[in-house]
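This report describes selected features of the structure shown below.

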Amino acid sequence: MIFIIQVYGGMLLAAMGRTLLMTLLSLVFAMVIGMIFGLMNVVHNRFFNCIGTIYVDAVRGVPLIVLAYFIYFGMPSAIKGLGIAGFRLNGLQAGTIALSLNCGAYMAEIIRAGIESVDRGQMEAGRSLGLSYSSCMALIVVPQAVRTMIPSIINQFIITLKDTSILSVIGFPELTNVGKTAIGNTLRPLEGWAVVGLMYMIVIVTLSKLAKRVERRVNRGR
Amino acid sequence: MEGKSKIHVTNLRKNFGKLEVLKDISLDVHEGEVVVLLGPSGSGKSTLLRCLNQLETATGGQIVIDGYDVTDRHTNINKVRENIGMVFQHFNLFNHLTVMDNMTLAPVHLKLMSKSEAKDMAEQLLKRVGLEDKADAYPSQLSGGQKQRVAIARALEMKPDIMLFDEPTSALDPEMVGEVLAVMKKLANEGMTMVVVTHEIGFAREVASRVIFMEGGYIVEEGTPDEVILHPREPRTIDFLSKVL
């Protein structure tokens, strides 16, 4: 174990950095995607509801690994078909797109559920005071929904962090991928995977502890 | 009594899917009148009230408020609603805001008042409902009666000239009903035009200028409290009153 850490420690830490970078990037995009499609599922408009549902069902119905292959290999070939030669996505780009789309669908559901958890009377009271639908959403409903959403969002963050390991299949040098290389070179699978596992665990446990603290602070004002 | 007409409803109908809740309602409310809607649950009185500010859209008929046809899609309903205060059974205070912010949110956001004007006015209104020391409290820190008094003050902050009350005391513990009715009575005496859905017969007798009895989506009987409550003519009114009095 010491040997692996001594020789590959720096590489593994750098890989963890890339893992976190991809997670954070994906999460930011997923928030935007989730906000758009989540709201589409909330508004009283059949057309938007339909688009929102199709997106969520389509993405949730496909395993992340298939989505990643589809984007990494499929998109460049589609763009080549359009007559643009030489287009390629690198592992980070393809991985971030796949992860954002995937996480965005779950985020959309979290945001929809959060908004629907706010009592209808809150919107009605706002409307009765002359505020528009969108003002009521922005000033009254969403701020209350965010409180109930925070634990789920943090949970999704942890899931997304772990899902980055799936993207080792498209060659992005995140933690699992680099770990695999290190173990292949040293032929020490037991120690190697233990180190990799521990690294994930330390980051995730720290994050969830932090999340608990944030959650408690947010709930104190109620 | 015959001031100018504030609310003019003609042949109002409202369906929820196949269910006809309001069948053919025509009604006038004049300036300064206090109209109390009585009737068994499911009679459509709350729906009628909610149609007046279009929280429920009418299926048919016409509602004119202060000269604005609110059933016309081209009317700016938000502008009309600024003049119609509404008080709900479950208060519906904004739980994430203090009492003060609950009151100043809408007028400030709609640019009807500056922040400081809104604050001054809120302080006066809180004094009027006896809650001047609760400006910085959150709704969760108030009793039911206090919440409802804040809700009334919040509606008044918009300087409405019509107030709608949807069973304002039905969710309250009995000992808190009085404080809310007292505020409403004061408001009525100051000349506010009010439409009130309630089961408080005592309030209706004392404060109402007109009582309307509804059942099954129709207006069955209407008149002064004396006529409708003490000397009802319709058998359905008599039956209802015998159960609640």
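## Basis

Two strands count as paired if DSSP finds at least two bridges between them. Helices (H or I, at least four residues) and strands (E, at least two) are DSSP runs, numbered from the N terminus. This is a predicted model, in which local features need pLDDT of at least 70 and side-chain atom pairs count only at pLDDT 80 or more, while totals for chains, interfaces and linings use all residues. Residues are numbered from 1 along each chain as its sequence is written, chains are lettered from A and ligands numbered from 1 in the order in which they are written, and side-chain values use heavy atoms, with hydrogens and water left out.

## The sheet of chain B

Six strands of chain B form an open sheet of mixed pairing, in the order β6-β7-β8-β3-β9-β10. Strands β6 (84-87) and β10 (218-223) are at its edges; each has a single partner strand, so one side of each lacks a neighbour in the sheet. From one strand to the next, the twist averages 15°.

Strand β9 (residues 210-215) runs parallel to β3 (residues 34-38), to which four bridges join it. Along this pair, B:Val35 is opposite B:Arg210, and B:Leu37 is opposite B:Ile212. With β10(B), the pairing of β9(B) is antiparallel and extends over five bridges; here B:Glu215 faces B:Tyr218. The two strands form a hairpin with two residues between them, and B:Gly216 in the turn has a positive phi of about 60°.

## Helix packing in chain B

Helices α3 (residues 99-109) and α4 (residues 115-128) of chain B pack at about 130°, with axes 9 Å apart. Axes are lines fitted to C-alpha atoms, for helices over the stretch in contact, and angles run from 0 to 180 degrees between N-to-C directions. The arrangement is therefore oblique, the class left after roughly parallel (under 35 degrees), roughly antiparallel (over 145) and roughly perpendicular (65 to 115).

Contact means heavy atoms within 4.5 Å. Among the residues making the contact are B:Met103 and B:Val108 of α3(B) and B:Ala122 and B:Leu126 of α4(B).

## A residue facing chain A

B:Asn78 lies in helix α2 (residues 77-81) of chain B. This residue is buried, at a relative accessible area of 16%. Apart from neighbours within four places in sequence, B:Asn78 contacts A:Arg127, A:Gly130, A:Leu131 and A:Ser132.

Terms used. Buried < 20%, exposed > 50% of the residue type's maximum accessible area, 1.4 Å probe, protein only.
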